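Let's look at how a few names get attached to parts of a protein model. Each turn below takes a label and checks it against its rule.

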Amino acid sequence: IIFCLASTGSINHNIQQKLRETVVNPLREVGYVGAEHMRVLRDLLSEGCSLAGLQDEEKEPEELLNVLFNEIFRTRPLLSFRDEKTNQTTSVNLCQIVLERDADSSAMPETQHLLTRYLVSQGMFFNCQPELLLLQVPRSGKDFKLYDTVIPSPTLELGGLCGGVWGSCFICNKTALMKCSQCYINQEFKVKYSAVPYCESCCTLVHSHPNRSTHSPQPATNPTRSIKMRLSAVLCIHTSHYVTYCRIPNPASLVPEEMAGPSNLATNRSHCWVFFDSMADREGGIGGYNIPLVEECPDLEDWLQNPVRLIHDKNRAPDFVKRLISDALLLFLRSRFSELMF
């Protein structure tokens, strides 16, 4: 995206160049961006976009992302949703999960369940498979959180969220010819798709029960395959302080030696998780400078892949796991195809 074509000398070209050469590259090379570079970027953004207050006000991440995608890079929206009733499509860059708290749901829900419940409640599904999915967990502003903790699913299954039904009959394992969204919403059957799949006979049997007589099963006319998105990064916030968890390729040499904490990165995995804090420490007062930190998060993937263990042993989890599930704000997920390009 930061290499999108723009007229040389234009404000958009200058922003792209500044973002690429003085922000992204230094972050990759030394893990730090000087304040003077961020000031120049803020000035350029203020000149080149319609969002007010970029020079002297704190902005939400989604505000900045929308400005970059829509006004600076002018890329095609990352996500496309289709309304199940009207068949109309909506294109956005970021999916913001907006829900009321479900009294029957887990106190520590997974993002797979939250995303599915949100799309089902809105009667929407993905119009096409995204290469990059930006997912904002349920919150109201920076201070109030709908859930005290949310478990970022290391892999999101979108196969059942693309308008069709994925898999065989939930009861007898025969070919699924029907689906019912209300059965999913009521959480009577523990499935992670947007609708419970049935064959015709099981669908009739299940919905003969008085508690499900008002459901409206639909034909499963659009069977779909498994579509997985891999969690690549998580942006967290706590009292206006942002930190990031990133899934990066091994080996440990990708973490600058002068910034790395104690490390014992596993060599039997292609990727590992690291924690980045641009203001982990500070040297001096008003005229001083922040000291950034990059350190390994050993076994983070194992904790996320075992939510039952995390729910029951939360107090025993490492501090970096507790911080992730408590402060997660924005999740970045990539398709397997886009992951192979990097």
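**From labels to rules**

Val 30, Tyr 32 and Tyr 289 make up a nonpolar surface patch, and their accessible area together is about 280 Å². This is a predicted model, where local features need pLDDT of at least 70 and side-chain atom pairs count only at pLDDT 80 or more, while totals for chains, interfaces and linings use all residues. Residues are numbered from 1 along each chain as its sequence is written, and side-chain values use heavy atoms, with hydrogens and water left out.

Q: What makes Tyr 32 count as partly exposed?
A: Good place to start! Buried means under 20% relative accessible area, exposed means over 50%, and partly exposed is in between (1.4 Å probe, protein chains only). Tyr 32 has 31%, so the label is partly exposed. Its place is the loop between helix H1 (11-30) and H2; helices (H or I, at least four residues) and strands (E, at least two) are DSSP runs, numbered from the N terminus.

Q: Why is the contact of Arg 39 with Asp 43 called a salt bridge?
A: The term needs a side-chain nitrogen of Lys or Arg within 4 Å of a carboxyl oxygen of Asp or Glu. Here the closest N and O atoms are 3.8 Å apart, so the pair qualifies. Both residues sit in helix H2 (residues 35-48), four residues apart, which puts about one helical turn between them.

Q: How many salt bridges does this rule give?
A: The count is four. One of them joins Lys 228 and Glu 157, at 3.3 Å from N to O. Lys 228 belongs to strand S12 (residues 228-238) and Glu 157 to strand S8 (residues 155-157), so the pair ties together parts 71 residues apart in sequence.

Q: Is Glu 157 buried or exposed?
A: Glu 157 has 2% relative accessibility, so it is buried.

Notes
Patches are made of residues with over 30% relative accessible area and no salt bridge: like charges are joined within 9 Å, nonpolar side chains (Val, Leu, Ile, Met, Phe, Trp, Tyr) within 5 Å. Accessible areas come from the Shrake-Rupley method with a 1.4 Å probe; for residues, only the protein chains shown count as cover.
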